[in-house]
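Hi,

Here is the structure I promised to pass on. Have a look at it first, and then read my notes below.

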Amino acid sequence: MTELDELRSVRSEGDSWDIATSVGATAVMVAAARAAETACADPLVRDEFAQLLVSSAGPGWAQLASPDMDWIGDDEHGRRAHRVSRDYQAVRTHFFDEYFDAAANAGIRQMVILAAGLDSRAYRLNWPAGTTVYEIDQPKVLQYKTSTLEMAGATAKATRRTVPVDLRDDWTAALQAAGFDRSRPTAWLAEGLLPYLPGEAQNRLFEMLTALSAPASQFAVEVFNVDSTNERRRAARRARWARMQRLGLDVNVETLTYHDDAERADAAEWLTEHGWQVSTVANREEMARLGRPVPDDLADEAIVSDLLRARLGGS
Ligand SMILES: C[S@@+](CC[C@H](N)C(=O)[O-])C[C@H]1O[C@@H](n2cnc3c(N)ncnc32)[C@H](O)[C@@H]1O
C-alpha cells in the first residue's frame with residue numbers, strides 16, 4: 001500500500017478551530033492567494049485587506065502571500081502549480097464579486113456570506129446604501145478578522161454583522177437574532193465551504209437557506225470536484241502540503257475535508273429540485289475566459305470545480 005492509498009480525515013463532530021489551526025488555516029491560505037494576486041503586476045482582483053489579514057497570522061503566512069514565490073526555490077513544477085492555484089483563487093474571487101455586484105444591481109440589500117473566513121467583501125466592495133452583509137463562521141475566525149481590521153482602522157462599506165456559529169448546526173436562529181429578515185430577498189454565498197462539511201450537513205445547510213429565502217433570492221456556490229480516488233490530484237494536493245511545510249505551515253486539506261463525495265448530493269441537482277434556477281460554469285472555462293488558462297501539462301492535477309449561480313422563484 002502506498003502512502004496515497006490511505007485517505008483519512010482528522011475531522012470530528014463538533015470540532016472547532018481558530019485562525020491558525022485546522023480548517024481555520026485554510027481561510028488564511030486562500031486569503032494569501034488574494035494578497036499575492038493583489039500585489040502582482042496585472043491583478044484580476046484587488047483585495048487590499050488580504051495582506052494584513054494574512055501577515056498578522058505569522059511570518060510563514062506572510063511569505064506565502066508574497067507574489068514572487070521565491071520561497072518555492074528551484075522547484076519549477078511546484079512554482080507553476082502554485083501559480084495555477086493562485087490564478088484559480090483570483091478567478092473565483094472575481095466570479096463571486098461579480099455575483100454580488102449583480103445581486104446589488106437587482107435590488108438585493110441583504111447578503112449572507114457563509115464560511116466567510118477572511119473574506120473582506122464587506123470592506124472592499126462598493127455596496128449600495130442600505131446593504132447589510134452577514135458573515136457566518138466559527139467564533140475565533142470572525143474575532144480574528146474583526147479585531148485585525150479594527151486595529152488597522154478599516155471600516156466596512158456596508159452594515160456588517162458577524163454570526164459566530166457552526167454551520168453544521170442549526171444556524172438560522174443566530175442569523176435571525178443578528179437582524180436577518182427572511183421576508184426580504186437575500187444573496188447567499190458559499191465559497192470554499194462544501195468539502196469541509198459532511199454530505200448530510202451540506203443538505204441541511206441547503207434546506208435551511210432555502211427555507212429562509214424569500215422569492216427572488218440568489219445563491220452562489222463553489223462546488224469542488226474533489227474526486228478522492230484520483231491519484232494525480234491527490235498527489236498534487238500532497239505536494240502543495242509539502243511545499244507549505246517548508247514555510248512552517250501545516251495545512252493538509254485532504255485531512256480537513258470529508259471524503260464522502262461518492263454519496264454526497266450533487267449541489268446543482270439538489271438546488272434545481274428545490275426550486276432554484278441554476279446556471280453553472282466550469283472553473284477551467286472561466287479561467288480561460290479571464291486569461292488565466294490551466295496549462296495542458298497541469299490539467300490532470302489542477303483544481304476542478306463548478307461555479308454556480310442560482311435564483312429562486314423564476315426570473
Ligand atoms: C477555505 S476557507 C474559505 C473562506 C472564505 N469563504 C474565502 O473564500 O476566503 C473555509 C472557511 O470555512 C469555514 N468553515 C468550515 N466549516 C465550517 C463550519 N462547520 N462552521 C463554520 N465555518 C466553517 C472555516 O472556518 C473557514 O473560514
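Which residues of α8 are buried? They are Gln202, Leu205, Phe206 and Leu209. Before I go on, a word on the source: this is a predicted model, where local features need pLDDT of at least 70, side-chain atom pairs count only at pLDDT 80 or more, and totals for chains, interfaces and linings use all residues. Residues are numbered from 1 along each chain as its sequence is written.

By "buried" I mean that 20 or more other C-beta atoms lie within 10 Å of the residue's own; 12 or fewer is exposed, in between is partly exposed, and C-beta atoms are placed from the backbone. Helices (H or I, at least four residues) and strands (E, at least two) are DSSP runs, numbered from the N terminus.

Back to α8. An α-helix has 3.6 residues a turn, so residues three or four places apart point the same way. That buried set in α8 packs against β4, β5 and α11, where contact means C-beta atoms, placed from the backbone, within 7 Å.

Ala265 is partly exposed, with 14 other C-beta atoms within 10 Å. Leaving aside neighbours within four places in sequence, Ala265 is in contact with Gly199, Gln202, Asn203 and Trp270.

Now the cores. A nonpolar core here is a set of buried Ala, Val, Leu, Ile, Met, Phe, Trp, Tyr and Cys residues joined through C-beta atoms within 7 Å. The largest has 51 residues, and Val112, Ile113, Leu114, Tyr134, Ile136, Trp188 and Ala190 have the most contacts inside it. Elements giving it two or more residues include β1 (110-114), β2 (132-137), β4 (187-190) and β7 (305-312), but α4 gives the most, with eight residues. Take Leu114: apart from neighbours within four places in sequence, it is in contact with Ile136, Leu167, Trp188, Leu189, Ala190 and Leu193. There is also a second, separate core of 26 residues, with Ala33, Leu53, Val141 and Leu149 among them.

On to the ligand. It is surrounded by 22 residues, of which Ala27, Ala115, Gly117, Leu167 and Gly192 are the closest; a residue counts as near if its C-beta atom, placed from the backbone, lies within 6 Å. The shell has 12 nonpolar, five polar and five charged residues. For those classes, Ala, Val, Leu, Ile, Met, Phe, Trp, Tyr, Cys and Pro count as nonpolar, Asp, Glu, Lys and Arg as charged, and the others, Gly among them, as polar. Helix α1 (residues 22-39) gives the most to the shell, with six residues. In α1, 16 of the 18 residues are buried, so the helix is largely enclosed by the rest of the structure.

Ala115, in the loop between β1 and α5 (121-124), has a phi near 55 degrees, a positive value in a residue other than glycine. Ala115 counts as buried, with 23 C-beta neighbours inside 10 Å. Ala216, in the loop between α8 and β5, also has a positive phi, of about 75 degrees, although it is not a glycine. Ala216 is partly exposed, with 18 other C-beta atoms within 10 Å.

Cheers

How values were computed. Two residues are in contact if their C-beta atoms, placed from the backbone, lie within 7 Å.
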